[in-house]
Amino acid sequence: MSIEVLLVEDSPGDVRLTQEAFREANGAIHLHVVSDGVEAMAFLRREGGYSHAPRPDFILLDLNLPKMDGREVLAHIKSDDGLKTIPTIILTTSNAEVDIVKSYQLQANCYLTKPVQLDAFEDLVKSVNEFWITKVKLPQQRLAG
Amino acid sequence: MKSLLKQKVQLAFGFAILTLLLIGTASYHWIAVSEESTQWVWHTHEVLSNIQDLRLSMESVESSSLEFVLTGKDSALEPYYASIQKIEVDREAIRSLTVDNAVQQSQLPAIAKLATENIQRADRLIQLRRTQGLAAATAAMESGPGDQIKDDFRAAAGKLQSEEQRLRALRSVKAERYSSETKIFLILGTLFGILVVASAGWSTARDTAKREVAEAKFRGLLEAAPDGMVVVNQGGEIVLLNAQAEKHFGYSRDELLGQKVKRIIPEGFAERLIADETRSAAEALAQQIGTGIELYGQRKDGSRFPIEMMLSPLESPEGMLVTAAIRDITTRREAEAHLAQKAEELRRSNEELEQFAYVASHDLQEPLRMVASYTQLLSKRYKGRLDSDADEFIAFAVDGASRMQRLIQDLLAYSRVGKRGGELVDVSSEEALQQAVTNLRGAIEDSGAHVTHDPLPRVMADDVQLTQLLQNLVGNAIKYQKPGVPLVHISAAPDGEGMWLFSIRDNGLGIDPKFFERIFGMFQRLHKREEYAGTGMGLAICKKIVERHGGKIWVESEPGAGSTFRFTLAASDAAS
């Protein structure tokens, strides 16, 4: 069974790095990529060209995005009864306390910063895989949805 | 000083008046005495004249009786009886005039007897003439004791006269003496009185002159004062002011004298002089003495300007006065405002610089992360699969990117010291050191270093920054080592000024004194990269942390003999 992950990230370099890291960590992960907030909401709500989009097992969300930033996306997800149970992981370069606090206030499931070293980044992705995919019990709404 | 002068004047005039009174009294006395002496002289004259009269009366009794004997005419007896009466009057006059003189009184009975004898004899002769005729009377007259009585009376009267003459001479001399003494006394007394009054006048004039000089000095001082001087009474009225004060407030002197001080200092001055239930006026003033009070002055045109005022009390005969030295501090205020503006600009500029460093380093980090990540990915995936040049190039790119990342991270850390610092609170520096040592565990284990410390105090600090400070310093101590076991010792002692002096001593390479300043600058390094890695930001961050905490940091070292880094931190309020 494939694992669906939505990556909301506008930097192609980061997208590719994340893809590489996940490929190394777990071959079963199917990484869907959107590059702005509006597209992310369309994907989640299966609007526009995403009518056949799968419901993701979790979301990796960058905070600084064009059109609609990560905080707004997070607010939309967590105020939407159909989406709020999807674990949403903030993955960003920001270390700012204000961003961390704001994210948790908006009910982010966890907050991760992108490590500067490749090794560290690969370790982080492995940890995410290990925890959110292997360890965590998630509601089976995907089947129902 | 004024009251002293007054006393002096009063004393001098009092003395003069007293002297004049004495002279007056004495003169009166002398004149009275002198007059009495003169009276006594006159008295003597009177006595003498009475004696003379008595003598004449006696002679008249004799001559008139003789005339009757010779003529037998009764008309001759008229002067006879008149003389007899006169003798009684004269005798009584002499008696009463000499009542105080025992010598004269003792003569009187003899005189009286002679007078009686004389009259009896004359009576007898008159009777003889009437009864027996001229011849019998003439015979009786010639044979009788007539001459004897006359001689005796003359002798007795002479005695009386000579005594009175003696007294007269005596009294004349006395009277004359009194008179001349009175003259001398009057002259001397008048001279003395003039002297006293003159000296009192001179002394007063001198003191007045002195006071005028003092007042002129005071006025000169008042006018020369660089500050506006306003003297105010307890009623808040202006009693004196100088030219500078006129200039400050734009009034002429006459416009302000007697006016309420509120007119030129609307608030804060008059109120300070008022007594209330908790303090007297003097106490109210005493509380203000010597302190610079900053208020606003009001000019004649209504405009206000900032002033600084110093109050001092001034004792005067009209009661306690208050001298206010008033300085126009417009320029100072402007300078202060200017300074505050500059400080604010500097603060903003610093903040902007910090913000710039933060944003720049933060934004640089993103593309750099890409460069670093992909060169690392390249190196990982393609090492040994391209030629050796490619491997080398990739290695340089990886190294450069890594170093740049560290630089940027340190720059971020540096800018965060000011920007992201927490409150200074009571923290245990020992716990901060333990945290730092834990963070350095890898480096300590790798180097085999011995890190020891004395008991460390509680200080006022930002916990995270204190840990970073100690971590950087201990990390440096371990890092810049010569072969052997690195020894690092941390201690703290009071610096005597309410601060704790921390020392981090090592047995490492030591530092040349000429670099003592430089090592605390940004991006300053003393070693080649191949020898010791690093960005040259560690001590700059330490310096910024210590300075943010209000302390100082410096190094003491000798090349080859290890270094001791010292810094000061404020002692904790709770634990000092």
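Modeller: Here's a walk along one helix of chain B, H13(B), then its partner, then another helix pair for contrast.

Housekeeping: residues count from 1 along each chain as its sequence is written, with chains lettered from A and ligands numbered from 1 in the order in which they are written. It's a predicted model, so local features need pLDDT of at least 70 and side-chain atom pairs count only at pLDDT 80 or more, while totals for chains, interfaces and linings use all residues.

H13(B) covers residues 463–479; helices here are DSSP runs of H or I with at least four residues, strands are E runs of at least two, and both are numbered from the N terminus. Mostly, H13(B) is covered, with 15 of the 17 residues buried. Buried means 20 or more other C-beta atoms within 10 Å of the residue's own, exposed means 12 or fewer, and partly exposed is in between, with C-beta atoms placed from the backbone.

Now the partner. H11(B), residues 429–439, packs on H13(B) at about 55°, the axes being 8 Å apart. Axes are lines fitted to C-alpha atoms, for helices over the stretch in contact, and angles run from 0 to 180 degrees between N-to-C directions. That angle makes H11(B) oblique to H13(B): under 35 degrees is roughly parallel, over 145 roughly antiparallel, 65 to 115 roughly perpendicular, and the rest oblique.

Who touches whom? On the H11(B) side you'll find Ser429(B), Leu433(B) and Ala436(B), among others, and they face a set in H13(B) including Leu466(B), Leu470(B) and Val474(B); contact means C-beta atoms, placed from the backbone, within 7 Å. By class, this contact has 7 nonpolar, 5 polar and 1 charged residues, where Ala, Val, Leu, Ile, Met, Phe, Trp, Tyr, Cys and Pro are nonpolar, Asp, Glu, Lys and Arg charged, and the others, Gly among them, polar.

For contrast, H2(B) (77–97) and H3(B) (102–132) cross at roughly 180°, their axes coming within 11 Å. They are therefore roughly antiparallel. Ile84(B) and Arg91(B) are among the H2(B) residues there, meeting Leu108(B), Ala112(B), Ala115(B) and Ile119(B) of H3(B). That contact has 7 nonpolar, no polar and 2 charged residues.

Terms used. Two residues are in contact if their C-beta atoms, placed from the backbone, lie within 7 Å.
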